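Here is a short walk through a multi-chain model, meant to be read with the structure open beside you.

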Amino acid sequence: MKKYFVLAALIACAAEAQNRSGLEFASEEIRRLQASDAENPGMLWVDQGAKLFAQHCASCHASMKGVATRYPAVEKGKIVTLETKIREKMPALAYESDELLALTSYIAHESRGMPLKVNPPPDKLEAGKKAYYQRRGQMNLACAHCHEQNWGKRLGAETLSQGQPNGYPTYRLEWQKMGSLERRIRACMFGLHAALPPYGSEAMLELELFLAWRANGLPIETPAVRR
Amino acid sequence: MKRRDFIGSLTALAVSPHISTTDPLVYSFTKGKPVRPGRVSIEIAPLAENGHSVAMTVKVDSPMTASDHVRAVHLIAERNPVRDMAVFYLGPDCGHAEVGSRIRLNGSQRVVAIAELSDGSFWSDAAYVEVREAACTDGG
Amino acid sequence: MALARIDLPREARRGELVEVRIVIQHPMETGFRREPQGERIQRNAIHSLVCRYNGAEVFRATLSTGIAANPFLRFFLRAARSGDLDFWWLDDDDVQGAAKAHLVVSA
């Protein structure tokens, strides 16, 4: 009998420590916008991505359903994201260009509602995990200080989220357009007055891989809306 | 002061206009005609998390017939650097005087909507929105 | 040409009120923002938008920088005859945009 109480307590603890999407910390207005495909401006990038995919990719690639749940991935010993894979074939697409955002938004949207399921070799996670817990910048804070130890609490007028990546690319009100996870990470680092890792750099890829693995189980929400 | 005058002035205060009719922006389309509070209603959250995009709906109580309809709805943000936000031109073919949009608000302020009816009269509503700022600087 | 998404019911009965929603991809640049080096980013916003239903104007808007980026508009029209909804817009850079949707109206 005692065993079952212990098990129940453990499950209750696990539930408390459960991954929560940024949507849970968002205002009513943001939740409303995200839920409405007719109003969510992010859908404009998804539409654009669908067109680009049909034009440039469909001749070789079949359906993209489920693909985004497995990225970032480790292929041939290197960390790859949707962006790096697309840029391998189309290097002319610059980071944060509308075209690249459109394609990644379209591909992620094709997995909307499906849980993230990245499965990297454990040794590839070490660097990203270390980066997550490393203090940085003038503020001398690590990602973990806000997003692991203090999520749910207030920072100014905002409620800190767990910093989950499941909604990216995301329509951020602050950017007034669609943006990638890398842009968001750089924005966070800017807030810490830390050096910004360049787009597509190894440091960035390691962190993205760890963030996705940490978020495993959360459903993809692209195009999410965030503040 | 006579009691009648006193009550008159109290009534005037009670239904005081949302915005001055001598305000150059308002004057540009009302030409000094009175703008009466009423018949218009602004639906907007009293607290906006982010000033870049605030959802808003304006409704005007009107049958929207050929002889009695809303001609235009003017939207003004009192403290935006550019105060005139939009003018929506409607007509009987709309069937219903309701327009929704998302606006930008440069800080906490009042939003005023002025409707021009087919009979040439002007009606208004105003709503105050508290606008929050981001906690961290984004830097793009 | 700016992308747009139009949302309205595919069909309606004659005389019924139809809710139309459109969101257009456009930065609605205010002219107040600055580049990282300090230069002002020039104002460019959609200033005129018209919606015609079966060729007749049913909704028109003069927009300004106070309308949020990727402008969203929602309005109503009364279903009359089956036909096209033609949207047209123009921005400060004199770039036009257009989008179309079709409404089927039954008796």
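In chain B, β8(B) and β9(B) pair in the antiparallel sense over eight bridges; two strands pair if DSSP finds at least two bridges between them. Strands here are DSSP runs of E with at least two residues and helices are runs of H or I with at least four, both numbered from the N terminus. Please keep in mind that this is a predicted model, in which local features need pLDDT of at least 70 and side-chain atom pairs count only at pLDDT 80 or more, while totals for chains, interfaces and linings use all residues. Residues are numbered from 1 along each chain as its sequence is written, and chains are lettered from A and ligands numbered from 1 in the order in which they are written.

**Around β8 and β9 of chain B**

The hairpin of β8(B) and β9(B) has four residues between the strands, and Gly120(B) in this hairpin takes a positive phi near 90°. β8(B), residues 109-117, also pairs with β5(B), residues 70-77, in the antiparallel sense over seven bridges. On β9(B), residues 122-131, sits Tyr128(B). Tyr128(B) is exposed, with 11 other C-beta atoms within 10 Å; by this count 12 or fewer is exposed, 20 or more is buried and anything in between is partly exposed, with C-beta atoms placed from the backbone. Leaving aside neighbours within four places in sequence, Tyr128(B) is in contact with Pro46(B) and Arg110(B), where contact requires C-beta atoms, placed from the backbone, within 7 Å. Pro46(B) is 82 residues from Tyr128(B) along the chain, yet their C-alpha atoms are separated by 6.4 Å.

**Where chains B and C meet**

This contact takes 24 residues from chain B and 22 residues from chain C. On the chain C side, β5 (56-63) and β6 (72-78) are the elements that give two or more residues. That side has 15 nonpolar, four polar and three charged residues; Ala, Val, Leu, Ile, Met, Phe, Trp, Tyr, Cys and Pro count as nonpolar, Asp, Glu, Lys and Arg as charged, and the others, Gly among them, as polar.

An open sheet of six strands with antiparallel pairing runs in the order β2(B)-β4(B)-β7(B)-β6(C)-β3(C)-β1(C). At its edges stand β2(B) and β1(C), each with a single partner strand, so one side of each is left without a neighbour in the sheet.

Some pairings, with a bridge from each, are set out here.

| Strands | Bridges | One bridge pair |
|---|---|---|
| β7(B) and β6(C) | two bridges | Gly100(B) and Arg74(C) |
| β1(C) and β3(C) | four bridges | Ala4(C) and Ile24(C) |
| β8(B) and β9(B) | eight bridges | Val112(B) and Ala126(B) |

**Chain A**

Chain A has nine helices and seven strands. With 227 residues, a compact globule would have a radius of gyration near 17 Å, and the 18 Å of chain A agrees; the radius is taken over C-alpha atoms, and the globule rule is 2.2 Å times the number of residues to the power 0.38. Of its residues, 39% count as buried.

Helix α8(A), residues 181-191, has eight of its eleven residues buried, so it is largely enclosed by the rest of the structure. Those buried residues, including Leu181(A) and Ile185(A), pack against β6 (177-179) and α9 (202-214) of chain A. Just after α8(A), His193(A) takes a positive phi of about 60°.

Technical notes:
Contact = placed C-beta atoms within 7 Å.
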